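I have kept each point to one part of the chain.

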Amino acid sequence: MRTARLRTVHPVLWAGWAALAAGAVLCVIGWYGVSGERFAERQLPYLASCTVPGAALIVAGAVLLTHGRGALAATRVEELYGLLVAAEPADAEEAGQDAAAPLAVSGDLLMVPGGTLWHRADCPLVAGKAEAVPVDAKLVRSGELGPCPICEPAEADD
């Protein structure tokens with residue numbers, strides 16, 4: 001999937017850089033032509049044939065680069081999402097484990113100060129974080145904190 005998408009993205013990036021370079025060259029040629037003419041009527045052909053198309057190419061190149069980088073970022077996000085969704089271990093079938101086993105099973109609840117979720121202690125989002133602190137039961141009951149959608153801690157665990 002990644003190589004197919006990248007094959008369509010990289011030409012857009014190259015086209016954007018080529019348009020920017022061509023636009024810059026045309027603008028320099030137009031400026032050089034205008035600077036050599038004293039009268040405005042002799043400067044207009046340089047403006048019409050070089051400077052205006054050069055500026056248009058610069059704008060088109062910027063649009064192509066923005067689109068290409070956005071598509072490249074979207075490709076990377078899709079790849080990371082695919083890795084996250086396909087996090088099923090290959091040896092799960094061999095070990096006889098249920099594929100729908102919970103991600104975290106600890107009874108201890110933690111939260112990150114300033115966060116909006118409460119987690120099980122072995123949740124991958126807070127496991128190993130020194131700043132994670134035990135959850136205050138008042139915050140859970142008041143509704144200020146919500147349960148983590150990854151480890152899905154039950155309210156009965158508090």
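The points below go from the overall makeup to the helices and then to the sheet.

1. The coordinates come from a predicted model, and the values in this note should be read with that in mind. The protein chain holds four helices and four strands, and along the sequence these elements follow the pattern α-α-α-β-β-β-α-β. Of the 158 residues in the protein chain, 23% are buried.

2. According to the UniProt record, an unreviewed entry, the annotation "transmembrane region" covers residues 12–34 and 46–66; such annotations may be inferred rather than shown by experiment. In the model, the chain over residues 12–34 is 100% helix and 0% strand, with its end C-alpha atoms 32 Å apart. Over residues 46–66 the chain is likewise 100% helix and 0% strand, and here the end C-alpha atoms are 29 Å apart.

3. A pair of residues relates these parts of the chain in space: Ala60 and Gly23 are separated by 37 residues in sequence, while their C-alpha atoms are 9.0 Å apart. Ala60 belongs to helix α2, and it counts as partly exposed because its relative accessibility of 33% falls between the limits of 20% for buried and 50% for exposed.

4. Further along helix α2, is Thr75 buried or exposed? Thr75, which is also found in helix α2, has a relative accessible area of 2% and is therefore buried, the cut-off being under 20%. A polar atom of the Thr75 side chain lies 2.8 Å from the backbone oxygen of Ala71, a separation that is within the 3.5 Å used for a polar contact.

5. Helix α2 spans residues 40–85 and includes Leu84. With 61% relative accessibility, Leu84 counts as exposed, because the limit for that class is over 50%. Leu84 forms a nonpolar patch on the surface with Tyr81 and Val85, and the accessible area of these residues together is about 360 Å².

6. Turning to the strands, which order do they take in the sheet? The four strands form an open sheet in the order β3-β1-β2-β4, and the pairing is mixed. The edge strands are β3 (133–134) and β4 (146–147), each of which pairs on one side only.

7. Within this sheet, strand β1 (residues 109–111) and strand β2 (residues 117–120) run antiparallel and are joined by three bridges. Leu109 stands opposite Arg120 in β2, and Met111 stands opposite Trp118 in β2. The two strands form a hairpin with five residues between them; in the turn, Gly114 has a positive phi of about 90°.

8. Leu117 stands opposite Gly146 in β4.

Methods: Residues are numbered from 1 along each chain as its sequence is written. This is a predicted model: local features need pLDDT of at least 70, side-chain atom pairs count only at pLDDT 80 or more; totals for chains, interfaces and linings use all residues. Side-chain values use heavy atoms; hydrogens and water are left out. Two strands pair if DSSP finds at least two bridges between them. Patches are made of residues with over 30% relative accessible area and no salt bridge: like charges are joined within 9 Å, nonpolar side chains (Val, Leu, Ile, Met, Phe, Trp, Tyr) within 5 Å. Accessible areas come from the Shrake-Rupley method with a 1.4 Å probe; for residues, only the protein chains shown count as cover. A salt bridge is a side-chain nitrogen of Lys or Arg within 4 Å of a carboxyl oxygen of Asp or Glu. Buried means under 20% relative accessible area, exposed over 50%, partly exposed in between (1.4 Å probe, protein chains only). A polar contact is a pair of N or O atoms within 3.5 Å; within protein, one must be able to donate a hydrogen and the other to accept it, and residues adjacent in sequence count only if both atoms are side-chain atoms.
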